[in-house]
Amino acid sequence: MSAEVIGDGGAVRAEAPILEVEGLSVATRDGSALVHDVSFSLAPGERLSLIGESGSGKSLTSFALTGLLPEGLSSSGSVVLDGVQVVGARERDLVPLRGRVASTVFQEPMTALDPLMRLGRQVAEPLRLHLGLRGDALRSAVLEALAEVGLPEPERIARAYSWEISGGQRQRVAIAAALACRPRLLIADEPTTALDVTVQAEVLALIERLVAERGMALLFVSHDLAVVSRMAQRALVLRDGRVIEEGPVQTLLRAPQAPYTAELVRSARELDAALEVR
Ligand SMILES: Nc1ncnc2c1ncn2[C@@H]1O[C@H](COP(=O)(O)OP(=O)(O)OP(=O)(O)O)[C@@H](O)[C@H]1O
């Protein structure tokens, strides 16, 4: 829950959360739970991270937020996104939210982008669907979206296919498509894990800049604590589909309470030290 102090004589205005998750669980058809009873809320402009090892339920939690769970899995509990209940909603009620209120950027841009469609058309789709843009207005909005993510020669990129550009450029195009309609929440699921280290830093800087410039809320999913400490203010630690600890990122790193969090911090430090020695 967020309460913002406004500068006019100390009046306090409670700002409605952009996302409120209460008792979210994700289960398979045969009833085995993969995510258990996850709760958190995210205020406009806030940056929150989901951390945990591979298989801890980070991706399933983030997919459930916009109703994008894989076939065969279902969610229960409550996910209220910009005032709309996502759990149990019809697909046609979720389409207006995706890309417009909340957008997701995935780990592997190659799977997010269609190899058979020119990149410009892929950035154009959300602009056409949500903002109703057509013709010249659509064309210039696409080029602007590509330029805003730091892509050189947006005209060339718009005409290209995903397999004709580098991995880092692909992720920039995926970010351009995700953010073209100026959503209020960006869900970034390990957005740099598949990229080379130098490119990772550039894409993180891009996300940081866009989030700050647009005042977007950010849900940043990662197993990398160093990256999380850069990108988020607060974090939830997931293990086996459950939240085992949460708090400000700096507190989690300096004084982890759960033994599991302490272990994650210790191994991150060891890795860091090993890299420095080299
Ligand atoms: N479609 C599915 N059907 C059945 N089980 C699944 C499915 N997708 C994921 N799982 C299982 O759910 C658990 C959580 O998976 P999830 O992908 O959310 O983990 P994660 O923390 O995001 O890991 P990673 O970083 O490797 O993606 C894992 O045990 C995984 O094997």
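**Figure legends: close-up views of a predicted model**

**Figure 1. Overall fold of the chain.** Of the 278 residues of the chain, 40% count as buried. The model shown here and in the following views is predicted. Its secondary structure comes to 11 helices and 12 strands. The radius of gyration is 19 Å, close to the 19 Å that the globule rule gives for 278 residues, so the chain is as compact as a globular protein of that length. Taken along the principal axes, the box filled by the C-alpha atoms is roughly 55 × 55 × 50 Å. An unreviewed UniProt entry lists residues 19-265 as "domain: ABC transporter". That span is 40% helix and 26% strand, and its end C-alpha atoms lie 28 Å apart.

**Figure 2. Surroundings of the ligand.** The ligand is surrounded by 14 residues, and the closest are Leu 34, Ser 54, Lys 58, Ser 59 and Leu 60. By class, the shell divides into 4 nonpolar, 9 polar and 1 charged residues. Helix α1 (residues 58-64) gives the most to this shell, with 3 residues.

**Figure 3. Strand β9 and its two parallel partners.** Strand β9 (residues 185-189) is largely enclosed by the rest of the structure, because 5 of its 5 residues are buried. Leu 185, Ile 187 and Asp 189 point one way from β9, whereas Leu 186 and Ala 188 point the other way. Strand β8 (residues 102-105) runs parallel to β9 and is joined to it by 4 bridges; here Thr 104 stands opposite Ile 187 of β9. Strand β10 (residues 217-222) also pairs with β9 in the parallel sense, over 5 bridges. Within that pairing, Ala 217 of β10 is the bridge partner of Leu 185.

**Figure 4. The open sheet of four strands.** The 4 strands of this open sheet follow the order β4-β3-β6-β7, with antiparallel pairing. Its edge strands are β4 (33-42) and β7 (84-85), each of which pairs on one side only. Val 80 stands opposite Gln 85 in β7.

**Figure 5. The covered helix α7.** Helix α7 (residues 167-179) has 13 residues, which should span 18 Å at 1.5 Å a residue; its end C-alpha atoms are 18 Å apart, which agrees. The helix is mostly covered, with 12 of its 13 residues buried. Among the buried residues are Arg 170 and Arg 172, as well as Gln 169 and Gln 171. Others on the buried list include Val 173, Ile 175 and Leu 179. An α-helix has 3.6 residues a turn, so residues three or four places apart point the same way.

**Figure 6. The hairpin of β11 and β12.** Strands β11 (residues 234-239) and β12 (residues 242-248) run antiparallel and are joined by 6 bridges. Arg 234 has Pro 248 of β12 as its bridge partner. Between the strands of the hairpin there are 2 residues, and Asp 240 takes a positive phi near 50°.

**Figure 7. Arg 254 in helix α10.** Helix α10 (residues 249-254) contains Arg 254. This residue counts as exposed because it has 9 C-beta neighbours inside 10 Å, and the cut-off for exposure is 12 or fewer. The C-alpha atom of Arg 254 is separated by 43 Å from that of Leu 119, and the two residues are 135 residues apart along the chain.

Key
Residues numbered from 1 in each chain as written. Predicted model: local features only at pLDDT ≥ 70, side-chain atom pairs only at ≥ 80, totals over all residues. Pairing = 2+ DSSP bridges. UniProt positions renumbered as here; feature names shortened; annotations may be inferred. Expected span 1.5 Å × (residues − 1). Buried ≥ 20, exposed ≤ 12 C-beta atoms within 10 Å, placed from the backbone. Near = placed C-beta within 6 Å. Nonpolar A, V, L, I, M, F, W, Y, C, P; charged D, E, K, R; others polar. Rg over C-alpha atoms; globule rule 2.2 N^0.38 Å.
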